[in-house]
Amino acid sequence: MENTPRVEKTPSASTLTRLIRSRRTVYAFKPERAPRDALDRALDAARWAPNHRLTEPWHFYVLGPETAEAVCALNAQLVERKKGPKAAADKLARWRTMPGWAVVTCQNSPDPIQAREDYGACCCAVQNLMLCLWAEGIGSKWNTGGVIRDPGFYDLIWADPAVETVVALLWYGYPAEVPTTQRKALAEVCVDLP
Ligand SMILES: Cc1cc2nc3c(=O)[nH]c(=O)nc-3n(C[C@H](O)[C@H](O)[C@H](O)COP(=O)(O)O)c2cc1C
């Protein structure tokens, strides 16, 4: 029927389940950059996340090499202040190995309930993004370390902290290794009510 919305069939429910279950946070990447069109497909899918009142509260920033290097340097400065020069140099060297960089922000809201719902929506968008990358063999890591709260970080991504808040600094690229992780048994976290 013409006006009936079409529900697209996914390849199979088990494919989706396998994708969700197999995605892991990747901590070590191969040096080559993932193709920009794969990132664009993932960003495009990210914005189809559920969002209450259709606020579409997300913004995405794709960091080029200059910005990524500036973020590495800023992070190293912060680490140096807390842990000294050796820790900072180690961190700088590690961060410089990350092949792809993106940031997801959430627009601020004066209403605390809306702000919470918008943050939830942005987290759904991040998960969409990470899963779509994973479907193309590209791993990612969601970072929320201190650097994302530093005012200098906002300057580097041309964002105004009065307007939006960083939800995720994402590294992405082809995994050098895929870690394993565990989850509690479903029975421990799920209650069946009468
Ligand atoms: C909101 C959020 C923030 C996170 N921040 C960090 C982080 O700063 N550093 C980190 O190593 N992992 C971070 N992670 C990744 C989690 O550590 C990871 O998802 C968890 O260990 C489970 O592993 P998995 O993603 O492979 O299932 C974050 C995840 C979420 C959802």
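Two strands pair if DSSP finds at least two bridges between them. Keep that in mind for the sheet stops on this tour.

**Before you click**

Residue numbers start from 1 along each chain, following the sequence as written. The model is predicted: local features need pLDDT of at least 70, side-chain atom pairs count only at pLDDT 80 or more, and totals for chains, interfaces and linings use all residues.

**Whole chain**

Show the protein chain as a cartoon. It holds 7 helices and 4 strands. Helices (H or I, at least four residues) and strands (E, at least two) are DSSP runs, numbered from the N terminus. From that end, the order is α-α-β-α-α-β-α-β-α-β-α. The C-alpha trace spans about 65 × 40 × 40 Å along its principal axes.

Of the 194 residues, 26% are buried. A residue is buried if 20 or more other C-beta atoms lie within 10 Å of its own, exposed if 12 or fewer, and partly exposed in between; C-beta atoms are placed from the backbone.

**Stop 1: strand β4**

Select residues 164–173. In this strand, 9 of the 10 residues are buried, so β4 is largely enclosed by the rest of the structure.

β2 and β4 pair antiparallel over 7 bridges. Find A102, which stands opposite L170 in β4.

**Stop 2: helix α3**

Select residues 65–83. These 19 residues should span 27 Å at 1.5 Å a residue, and the end C-alpha atoms are 26 Å apart, which agrees. The expected span is 1.5 Å times one less than the number of residues.

Colour V71, C72, N75, A76 and V79: they are buried. Look down the axis of α3: its buried residues fall within an arc of 140°, so they line one face of the helix. The arc is that of the directions from the helix axis to the C-beta atoms. On the other side, E66 and R81 are exposed.

What covers the buried residues? The cover includes α4 (85–95) and α6 (151–156). Contact here puts C-beta atoms, placed from the backbone, within 7 Å.

Step on to G84, which follows α3 and has a positive phi, near 95°.

**Stop 3: the ligand**

Select the ligand. Which residues surround the ligand? They are R24, T25, W142, N143, T144, G145 and T181. The shell divides into 1 nonpolar, 5 polar and 1 charged residue. Ala, Val, Leu, Ile, Met, Phe, Trp, Tyr, Cys and Pro count as nonpolar, Asp, Glu, Lys and Arg as charged, and the others, Gly among them, as polar.

How values were computed: Near = placed C-beta within 6 Å. Contact = placed C-beta atoms within 7 Å.
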